[in-house]
Amino acid sequence: MAEVIRIQGLTFNYGNGTAALKDLNLLVQPGETVVFIGPNGAGKTTLFLYILGLLHHVPHEVTVLGQPLTNHPAVDEARRRVGLVFQNPDDQLFCTTVFDDVAFGPINQGLTPEEVNGRVSRALEAVGLEGYERRVPHHLSGGEKRRVGLAGVFAMTPEVMLLDEPTSHLDPRGRREVIRLLRDFSGTKLVATHDFELALEVATRVVLLHKGEIKADGPPLEILTNESLLKASGLEMPLVLRYFMKLQETQSTDCTD
Ligand code: ADP
């Protein structure tokens, strides 16, 4: 398969003059799980929205699944093949029932009612929400809304998923459930997160964004344990990783004794 995403020299400024992305270059290969870390305002959400033409109608600097996004049909096709899970589930859920929200994508893909029903059932089963079809999305808990949002994307059977802060506002059990779902999805994934443990569990590669620029791009452990690199971007190594590093240091000292 061709490379999944190629971005060349992408610079994006919001209408108020905020420079959100600066000369960004990125190549994502099939099967990768690329986790984007960076402080608030680094440009992670902007990057995901931009890739799917949600900020700039025809994102010329972006090629998705071998197709340069140079016209509206190419952008529409990319949106059919790439699923975006929004940071805030309330931005994703706008129907009056869970069924309608999950069915929205498959209906727009032109599937028959039988196919739509099948996709919705399988997607709700995958996220553990069988029987929720007639529930009102806005009356669900944060974790349940997150899972409905994921089901809506799964129902489109995307080849690629972009997930913006998929574990935010979840309790430990909900968080584990989302991590399991991510691990089960075999397609290419781009994940924006502050959750370093999630990054360690799912990433094949970590990209550190700061002020709209890529500051580092490489193996997860190498980046997530580089204290000076993280500090320079206003990030902190979590306690659990500090402990892990200490343990490794002790073990290597023991070996050389
Ligand atoms: P992150 O997802 O890493 O927190 P964002 O992509 O949300 O970062 O933001 C990148 C920069 O763009 C920040 O400086 C933010 O304030 C700015 N920004 C985000 N959305 C808008 C908007 N709709 N209008 C103007 N500036 C925005």
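**Close-up views of the predicted model**

**View 1. Strand 3 is covered on both faces: T33, V35 and I37 are buried on one side, and V34 and F36 are buried on the other.** The model is predicted, so local features are described only at pLDDT of at least 70 and side-chain atom pairs only at pLDDT 80 or more, while totals for chains, interfaces and linings use all residues. Residues are numbered from 1 along each chain as its sequence is written, and side-chain values use heavy atoms, with hydrogens and water left out. Strand 3 spans residues 33-37, and five of its five residues are buried. Buried means under 20% relative accessible area, exposed means over 50%, and partly exposed lies in between (1.4 Å probe, protein chains only). Helices (H or I, at least four residues) and strands (E, at least two) are DSSP runs, numbered from the N terminus. In a regular strand the side chains alternate between the two faces of the sheet.

**View 2. Strand 3 pairs with strand 8 and with strand 9.** Two strands pair if DSSP finds at least two bridges between them. Strand 3 and strand 8 run parallel and are joined by four bridges. Within this pairing, T33 is opposite K189 of strand 8. Strand 9 covers residues 205-210 and also pairs with strand 3 in the parallel sense, over four bridges. Here V34 has R205 of strand 9 as its bridge partner.

**View 3. Four strands form an open sheet in the order 2-1-4-5.** The pairing in this sheet is antiparallel. Strand 2 (19-28) and strand 5 (67-68) stand at the edges, and each has a single partner strand, so one side of each has no neighbour in the sheet. Strand 1 (residues 5-13) and strand 4 (residues 62-64) run antiparallel and are joined by three bridges. In strand 4, V62 stands opposite I7.

**View 4. Twelve residues can be picked out around the ligand, from Y14 to T46.** The surrounding residues are Y14, N16, T18, A20, P39, N40, G41, A42, G43, K44, T45 and T46. Helix 1 (residues 44-51) gives the most to the shell, with three residues.

**View 5. Y14, A42 and K44 each place an atom by the ligand.** The side chain of Y14 has an N or O atom 3.5 Å from a nitrogen atom of the ligand. A42 places a backbone N or O atom 3.1 Å from a ligand oxygen atom. For K44, a polar side-chain atom lies 2.8 Å from an oxygen atom of the ligand. The ligand taken alone exposes 560 Å², and the protein buries 62% of that. These areas come from the Shrake-Rupley method with a 1.4 Å probe.

**View 6. Helix 1 is mostly covered.** Seven of its eight residues are buried, namely K44, T46, L47, F48, L49, Y50 and I51. Just after helix 1, G53 has a positive phi of about 70 degrees.

**View 7. H194 sits in the loop between strand 8 (188-192) and helix 8 (196-202).** H194 is partly exposed, with a relative accessible area of 37%. Neighbours within four places in sequence aside, H194 is in contact (heavy atoms within 4.5 Å) with G38, P39, N40, K44 and E165. The side chains of H194 and N40 make a polar contact of 3.0 Å. A polar contact is a pair of N or O atoms within 3.5 Å; within protein, one must be able to donate a hydrogen and the other to accept it, and residues adjacent in sequence count only if both atoms are side-chain atoms. H194 and V35 are 159 residues apart along the chain, and their C-alpha atoms are separated by 9.7 Å.

**View 8. N71 lies in the loop between strand 5 and helix 2 (72-81).** N71 is partly exposed, with a relative accessible area of 36%. Its side chain reaches the backbone nitrogen of A74 at 2.9 Å. N71 and P59 are twelve residues apart in sequence, with 8.6 Å between their C-alpha atoms.

**View 9. Helix 4 (residues 98-108) has buried residues that pack against other helices.** The buried residues are V98, F99, D101, V102, A103, G105 and P106. They pack against helix 3 (89-92), helix 5 (113-126) and helix 6 (142-154). Just after helix 4, G110 takes a positive phi of about 80 degrees.

Technical notes: A residue is near a molecule or strand if one of its heavy atoms lies within 4 Å of it.
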